[in-house]
Amino acid sequence: AAAHAQPVGISTSPQGTLTYAVGAAVAKVLNEAGGIQARVQPSSGTGAGIPLVESGEIDLGLANTLELYDAYHGVGTFDGRPNKSLRTIAVVFPIKVGLFVRNDSPIKSIKDMKGHSVAYGFTSQEIIKKTVDAMLASEGLSIKDLKPVLVPNLVRGVDELIGGRADITTFALGGGKVSEVDAAVGIRFVTLPNTPEALAGLKKEFRTAYIAKAEPSPRYAGVKEPIYIMQYDYTVFASSKVKPEVAKKITDILANNKDALGNAHPLFKAMDVARMYNDIEVPYHDGAKAYFGEKSIKETK
C-alpha cells in the first residue's frame, strides 16, 4: 500500500475534450477499484502534457498511438524533440472515424470527393487534419484535389456541413455531434476501400491507423450499411521514472475493470484485454510488461 500512497496525476487536455473525459474515467476507476488516489491534471493539449509525463512531473498521460509514437521518436509534431523516457502502459480502445456527407449528396466513395469542399485545417486539433489526409490517401487523393473549408475544430466542421458550406466533414462514429447533425440534415458515412493499396495510403499519412469494419447500430448515426472506416488506438502511458510496482498495479486495475471503465466512459466498452499489450513502436513500461508476463499475455502486432 505504501507504494501507492502518493497521488497519481493524469495529464489530459482541457475539460470538454475526449482526453479529459477518458482521463476522468481512468481516475475514477483507479480510485474506486484500485485504491490509488488519482486526479486529472489538464493542460492546453497533448503537445503540452506529454513532456510533463516525460519529465516525471505528471505520472500518467493519454494519447492516441500516433501522438505517442511521434513524441517518443521526435518526429511529426514533435520533430527534433524526442521523449525517450515515455513508456506505454496499455492500448485501451480503438477510435473509429470516418468522412461523412449529407444523405442526398452524390458522393458515394472517397474517389467521388474530388472537387468537393471539405472541412479542414483543424488548427486546435492537428491530429484531425491527419485523419482527413489519411482517409483521402486511401484512394490516392490529397487535399489539393478538394476545396478546403478551414475550421478550428471538429464541431465547427460539422456546423459548416449543416450550413451547406462544406460537402464533407469528419467525426468519430458514435459521437453526440454526429447524432445531432443526422437529426438536423440527415447524413451518411462514406466507406473506405478495403484493399492493401488503400491501407498503404492510409498508413503513409497516419502510420498507426488501420481499416476496420463498422456495422449499422443505433449507436452509430450515419452508418446505413456495413462500411469500412479508419481506426486508431488510444493509449495510457507513463514515464520510465514511474516505479515498476506502481505501473504494474495500474495495468492490473485497467485490465480487470473493463465494466467499470465502460460505465465511466463508453469507449472503454470496446477495450480488448488481449490487445492491451500491442506493439506500437513505443516500449512498454517494465511494470506493465511484468503484469502481462504473469498473465501470459503476448505482445501483438
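Figure 1. Asp233 is buried, its relative accessible area being 3%. The model shown here and in the following views is predicted. Asp233 belongs to strand 10, which spans residues 227-239. Two side-chain polar contacts are shown. One joins Asp233 to the side chain of Tyr210 at 2.9 Å; the other links the side chain of Asp233 with that of Arg275 at 3.0 Å. When neighbours within four places in sequence are set aside, the residues in contact with Asp233 are Asn64, Thr65, Val91, Phe93, Pro94, Tyr210, Arg275 and Asn278.

Figure 2. Ser239 is part of strand 10, residues 227-239. Its relative accessibility is 1%, and Ser239 therefore counts as buried, the limit for a buried residue being under 20% relative accessible area. The side chain of Ser239 reaches the backbone oxygen of Glu54 at a distance of 3.4 Å.

**Figure 3. Contact between helix 4 and helix 7.** Helix 4 covers residues 126-137, and helix 7 covers residues 196-205. The two axes come within 7 Å and cross at roughly 155°. Because angles over 145 degrees count as roughly antiparallel, helix 4 and helix 7 are described as roughly antiparallel to each other. The crossing of helix 4 past helix 7 is right-handed. Helix 4 contributes Asp133, Ala134, Met135 and Ala137 to the contact, and helix 7 contributes Gly201, Leu202 and Glu205. By class, the residues of this contact comprise four nonpolar, one polar and two charged.

**Figure 4. Contact between helix 5 and helix 6.** Helix 5 (residues 154-162) and helix 6 (residues 176-185) have axes that come within 11 Å and cross at roughly 5°. Angles under 35 degrees count as roughly parallel, and helix 5 and helix 6 are therefore roughly parallel to each other. From helix 5, the residues Val155, Val158, Asp159, Leu161 and Ile162 meet Lys177, Val181 and Val185 of helix 6. The contact of helix 5 with helix 6 is made up of six nonpolar, no polar and two charged residues.

Figure 5. Phe122 is located in the loop between strand 5 (117-121) and helix 4. The phi angle of Phe122 is near 45°, a positive value in a residue other than glycine. With a relative accessible area of 0%, Phe122 is buried. Lys129 lies in helix 4 and is partly exposed, with a relative accessible area of 25%. Apart from neighbours within four places in sequence, Lys129 is in contact with Tyr120, Gly121 and Phe122. The C-alpha atoms of Lys129 and Ala119 are separated by 9.1 Å, the two residues being 10 residues apart along the chain.

**Figure 6. Leu146 in the loop between helix 4 and strand 6.** Leu146 occupies the loop that joins helix 4 (126-137) to strand 6 (147-151). Leu146 is buried, having a relative accessible area of 7%. Not counting residues up to four places away in sequence, Leu146 touches Met113, Lys114, Gly115, His116, Val118, Leu136, Leu141 and Ile168. Pro226, 80 residues from Leu146 along the chain, has its C-alpha atom 26 Å from that of Leu146.

Figure 7. Glu245 lies in helix 8, residues 244-255. At 40% relative accessibility, Glu245 counts as partly exposed. Between the C-alpha atoms of Glu245 and Phe93 the distance is 24 Å, and the two are 152 residues apart in sequence. Glu281 is found in the loop between helix 9 (258-264) and helix 10 (286-294). The phi angle of Glu281 is near 65°, again a positive value in a residue other than glycine. Glu281 has a relative accessible area of 41% and is partly exposed.

Definitions and conventions
Residues numbered from 1 in each chain as written. Predicted model: local features only at pLDDT ≥ 70, side-chain atom pairs only at ≥ 80, totals over all residues. Heavy atoms only, no water. Helix = DSSP H or I, 4+ residues; strand = E, 2+ residues; numbered from the N terminus. Buried < 20%, exposed > 50% of the residue type's maximum accessible area, 1.4 Å probe, protein only. Polar contact = N/O pair within 3.5 Å; in protein donor to acceptor, adjacent residues only side chain to side chain. Contact = heavy atoms within 4.5 Å. Axes fitted to C-alpha atoms, helices over the stretch in contact; angles between N-to-C directions. Parallel < 35°, antiparallel > 145°, perpendicular 65-115°, else oblique. Left-handed = near helix turned anticlockwise from the far one by under 90°. Nonpolar A, V, L, I, M, F, W, Y, C, P; charged D, E, K, R; others polar.
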